[in-house]
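Keep the viewer open while you read.

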Amino acid sequence: MATMQSLIGLVNRIQRACTVLGDHGGEGMSLWEALPSVAVVGGQSSGKSSVLESVVGRDFLPRGSGIVTRRPLVLQLHQTNEGQAEYAEFLHAPRKKFTDFAAVRKEIQDETDRITGKTKQISNHPIHLSIYSPNVVNLTLIDLPGLTKVAVEGQPDSIVEDIENMVRLYVEKPNSIILAISPANQDIATSDAIKLAREVDPTGERTFGVLTKLDLMDKGTNAVDVLEGRSYRLQHPWVGIVNRSQADINKNVDMMAARRKEREYFQTSPEYGHLAHKMGAEYLAKLLSKRIPSIISLINKTIDELNAELDRIGRPIAVDSGAQLYTILELCRAFDRVFKEHLDGGRPGGDRIYGVFDHQLPAALKKLPFDRHLSTKNVQRVVSEADGYQPHLIAPEQGYRRLIDGSIGFFKGPAEASVDAVHHVLKELVRKSIAETEELKRFPTLTSDIAAAAAEALERFREDSKKTVLRLVDMESSYLTVDFFRKLHLEPEKNPNPAGPNADRHSDNHFRRIGSNVSAYINMVCETLKNSIPKAVVYCQVREAKRSLLGHFYAQLGRKEKERLSAMLDEDPALMEKRATIAKRLELYKSARDEIDSVAWK
Ligand code: GDP
Ligand code: MG
């Protein structure tokens, strides 16, 4: 029994871990579901209930001739702590504790009758029974009604099929171990148990062929051909069993005595003596324990899957503020890296800043209405206004200044527009970079904090940039390039016919020349600004964004309270819950693996 005890002890501990960690199945990944249940399949009175009891080592099932088991019995054995009183509980009567196992057996019978009546009918409503005892092992056992060939008095014609379907329901589950019970005193060729087991488990991996009633075979016949696998080959070797006879049951022969008798039977048997070490309930229990490696591989596979899933959604974050600060800075840096790649190349978008300088700014400058402002008529108006009552004598110094100032004012528009255009490119790159920083995905609060800090910084850079470019424009007004004017001849043209009708034309020419002089000067200023505005914009916005987009944010971070830091690392509640579930499950599987490692398997 040592091996079965350790198998059961293992399953027991794993199941207890499942309970403690709240793992009760669902989503197809529960360890509970992966644990084996043992279901017995076979014809009526083939010895199914007897074999189950024998494997478990407890007497509690109704046994006997005729259809005794008429409803599935799902029996959960729960091991309790040493010294605790043994009791049983039915799902249909949850508060009633049974301490007498004869009463348990009777309640199974009564509960069967309650649904099926005292007839020979069967029902597929299972009876759920839990036994709590320090002397049992945690295992789910399923006792099933026997397969029949014909309906008897009081049974519907469909009974044969009904039973088969019901049994199938229980043995189809990939983790159920099938004990296919055939009595040795009947022809194996007619065994329904083997037929059904082959159907639901074609590879035979989870089927154990059990031959009962070896002691009841006709004198002169034996089952050696079957037991040695010559007649009917199964994946696992056949196991011969000798259970208690009806006479033994009537005499209340207990489990231990039955075991001893079975052992003696095989050891002294002339036919089976050479097979004695591979026969009996104890050996069957040992075979069942070999199912464990598949549980181990399932556990290892699941641990790998859970680890991969945790890596995907991110590991839990540290709780001390130093580590949290570090995490936040790491995340900021990850974002910053992506952002810089957008600006410097590697990721797209930075080229759009050059687009602003190369297309947008020159196009805007070209569209400025200098033609209108420096039209002869307007020049005349501005110059005359500047002259006042005393027209200028040689050159209209004041008029020039006013015309130039007025023109230079037009540059403010395109200068500010360049600042805004680059601002929008940078904002868009921040948005993209946040979206592309995988690490940030799980931290919505920190993400919006970073977004806000970056937006605020870009706004500051924009203000500064605007001030700078407007200053560049103002500088052009504040001091004109003297050389440019020295090279010009600013005196009015000599009129060949001063008193003649050409007086108007004379003044026309005069103002046109003033207009074109101013225009030439403005063109020169335009060329200068076309070069200097991009320099200012890059200096104030792009360079600053690269250097210290999150500079202020970092400075504030250092002063933040612990609570604020952990609040920044808040995650999507659904994600946190998912991680907690996975972590819990991982812990369960790891403890299961440790349990297995601590048991020495022979
Ligand atoms: P089930 O209907 O398949 O659950 O079979 P039971 O376990 O209720 O057993 C039916 C009858 O066969 C009972 O009277 C048992 O005592 C008897 N029986 C079962 N196995 C053996 C066996 O190996 N040897 C003998 N002599 N009787 C057995
Ligand atoms: Mg039975």
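A residue counts as exposed when its relative accessible area is over 50%, and as buried when that value is under 20%. With that in hand, take T268 in this predicted model: its relative accessible area is 63%, so T268 is exposed. T268 belongs to helix α9, which covers residues 255–268.

Now for a residue with the opposite label. S433 sits in helix α17, residues 412–436. Its relative accessibility is 0%, and S433 therefore counts as buried. So who does S433 touch, once its neighbours within four places in sequence are set aside? Its contacts are F335, V338, F339 and H342.

Here are the two side by side:

| Residue | Helix | Relative accessible area |
|---|---|---|
| T268 | α9 (residues 255–268) | 63% |
| S433 | α17 (residues 412–436) | 0% |

Which residues of α15 are buried? They are N378, V379, V382, V383, A386 and D387. These residues cover an arc of only 165° around the axis, which means they lie on the same side of α15. The general rule behind that pattern is that an α-helix has 3.6 residues a turn, so residues three or four places apart point the same way. Just past the end of α15, G388 takes a positive phi of about 75°.

Zooming out, the protein chain holds 23 helices and nine strands. Of its 602 residues, 47% are buried. Among contacts in the chain with a separation of 6 or more, 80% are between residues 24 or more positions apart. The accessible surface of the chain is about 30900 Å², and carbon and sulfur atoms account for 52% of that.

The average pLDDT of the chain is 85, and 86% of the residues score at least 70. Over residues 24–29, however, the pLDDT is below 50, and this stretch has 12 contacts in the model beyond near neighbours in sequence. Where pLDDT is low, the predicted coordinates should not be read in detail.

Note on methods: Residues are numbered from 1 along each chain as its sequence is written. Chains are lettered from A and ligands numbered from 1 in the order in which they are written. This is a predicted model: local features need pLDDT of at least 70, side-chain atom pairs count only at pLDDT 80 or more; totals for chains, interfaces and linings use all residues. Side-chain values use heavy atoms; hydrogens and water are left out. Buried means under 20% relative accessible area, exposed over 50%, partly exposed in between (1.4 Å probe, protein chains only). Helices (H or I, at least four residues) and strands (E, at least two) are DSSP runs, numbered from the N terminus. The arc is that of the directions from the helix axis to the C-beta atoms. pLDDT is the predictor's confidence in each residue, from 0 to 100. Contact means heavy atoms within 4.5 Å. Accessible areas come from the Shrake-Rupley method with a 1.4 Å probe; for residues, only the protein chains shown count as cover.
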